[in-house]
Amino acid sequence: MSKVILVTGAGRGLGTDIAREALAVGHQVVATGRRPDEVEKALGGPQDNLLVTRLDVTSLDDAEAAVQAAVDRFGRIDVLVNNAGNLVAGYFEEISPAQMRQQFETNLFGPMNVTRAALPVLRKQRAGHVITITSTAGLVGMEFTSAYAASKFAEEGWMESLRYDVEPYNIHTTIVEPGYFRTEFLVDGSPTWPDLSIDDYAPRTAPRIEGIKSINGKQPGDPAKLARALLAIADQDKPLLRFVAGADAIEAAEAKAKELLAQAEASRELGGSLAYDDTNA
């Protein structure tokens, strides 16, 4: 069945693949980005089932305007795909406070803005699906990713809790945790490197930056296949609450689950005996 799908960050990378695959199977697509001309060009030009509109996710006004444009054109929104995001990479001390805040503005408050704008429409319909692309870094913290991982961990907590807020209105939620996919996420000019420089970190910073650059074009995941998988989830009667995407992501999630269980067990003796003893009251 044809759906109206709003995709953020549709001008390149995974967002373009999601929009393109959705159009190919007959969905109506609202493709958004900060530069609408580039979004439309990436998707092959004007199409009957395509609405391209400007959306900087850090602007609530933009989000509300994009949602209104979608409703004006197609009458409803069935699926919101929060895809737009970016990467601030670096060691925590070398990431400036401004960079840290900007990372959260884009990766956390951005999808919150768009979801906040869309939820009144979904509630009125008593139907809808919010899909938010987080990352394996939303499950597992790694070296040189403190800002990015912090924003993605926060995004995961928001989405896990949002589920309970919107379930009574027949609105589904899905968290998507991709591993490495061959998108434009790591091309030159996409990641943001640290504003600050500290001598202690210098011998590690340069190799880390080069290491990230070297991954580009060699990621194992196929974004077109991921896009098709997301559309399949959007068609499920009871969509997955969490989709761990890619063999590398599944391996990382399994390792993290084992670590959490091991740490919980190791905490049992000390952490399990911290309740008040009311028998002595």
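## Basis of the description

The model is predicted, and local features need pLDDT of at least 70, side-chain atom pairs count only at pLDDT 80 or more, and totals for chains, interfaces and linings use all residues. Residues are numbered from 1 along each chain as its sequence is written, and side-chain values use heavy atoms, with hydrogens and water left out.

Helices (H or I, at least four residues) and strands (E, at least two) are DSSP runs, numbered from the N terminus. A residue is called buried under 20% relative accessible area, exposed over 50% and partly exposed in between (1.4 Å probe, protein chains only).

## Aromatic pairs

A pair of aromatic rings is described by the distance of the centres and the angle of the planes. Rings of Phe, Tyr and Trp (its six-membered ring) pair if their centres lie within 6.5 Å; planes under 30 degrees apart count as stacked, over 60 as edge-to-face and the rest as tilted. By this rule the model holds 2 aromatic pairs. Tyr91 and Phe144 form an edge-to-face pair, with 4.8 Å from centre to centre and 80 degrees between the planes. Tyr91 lies in the loop between β4 and α4 (97-125), and Phe144 in the loop between β5 (128-133) and α5 (146-166), so this pair ties together parts that are 53 residues apart in sequence. Tyr91 is buried at a relative accessible area of 7%, and Phe144 is buried at 3%.

Tyr91 also forms a stacked pair with Tyr201, at 5.2 Å centre to centre and 20 degrees between the planes. Because Tyr201 lies in the loop between β6 and α6 while Tyr91 lies in the loop between β4 and α4, the pair ties together parts that are 110 residues apart in sequence. Tyr201 counts as buried, with 17% relative accessibility.

Ser197 is exposed, its relative accessible area being 64%. From C-alpha to C-alpha, Ser197 and Thr136 are 27 Å apart in space and 61 residues apart in sequence.

## Salt bridges

A salt bridge is a side-chain nitrogen of Lys or Arg within 4 Å of a carboxyl oxygen of Asp or Glu. The count by this rule is 13 salt bridges. In one of them, Arg208 meets Glu143, and the closest N and O atoms are 2.7 Å apart. Arg208 belongs to helix α6 and Glu143 to the loop between β5 and α5, so the pair ties together parts that are 65 residues apart in sequence. Arg208 is partly exposed at 36% relative accessible area, and Glu143 is partly exposed at 35%.

Another salt bridge joins the side chains of Arg242 and Glu156 at 2.8 Å, N to O. This pair links distant parts of the chain, with Arg242 in strand β7 and Glu156 in helix α5, 86 residues apart. Arg242 is partly exposed at 30% relative accessibility, whereas Glu156 is buried at 4%. Both residues belong to a network of salt bridges that links Glu156, Glu160, Glu177 and Arg242. A further salt bridge, between Arg163 and Glu167, has an N to O distance of 3.1 Å; Arg163 is partly exposed at 24% relative accessibility, as is Glu167 at 39%.

## Strand β7

Strand β7 (residues 242-245) has a covered face made of Phe243 and Ala245, and an uncovered face made of Arg242 and Val244. Two strands pair if DSSP finds at least two bridges between them. β6 and β7 pair in the parallel sense over 4 bridges, and Val176 stands opposite Phe243 in β7.

## Enclosed space

A cavity is a set of points, on a 1 Å grid over the protein atoms alone, where a 1.4 Å probe fits but cannot get out; lining residues have an atom within 4 Å of a point. Grid points are joined across faces, edges and corners, and a volume is the space filled by probe spheres set on the points. The count comes to 1 cavity of 30 Å³ or more, and the largest cavity has a volume of about 30 Å³.

The lining of the largest cavity consists of Ile5, Ile18, Val79, Val81, Ile131, Leu230, Leu231 and Ala234. β4 (79-82) and α7 (223-234) each supply at least two residues of this lining, and the largest share, 3 residues, comes from α7.

Conventions: On a 1 Å grid over the protein atoms alone, a cavity is a set of points where a 1.4 Å probe fits but cannot get out, and a pocket is an open set with protein on both sides within 12 Å along at least five of seven lines; lining residues have an atom within 4 Å of a point.
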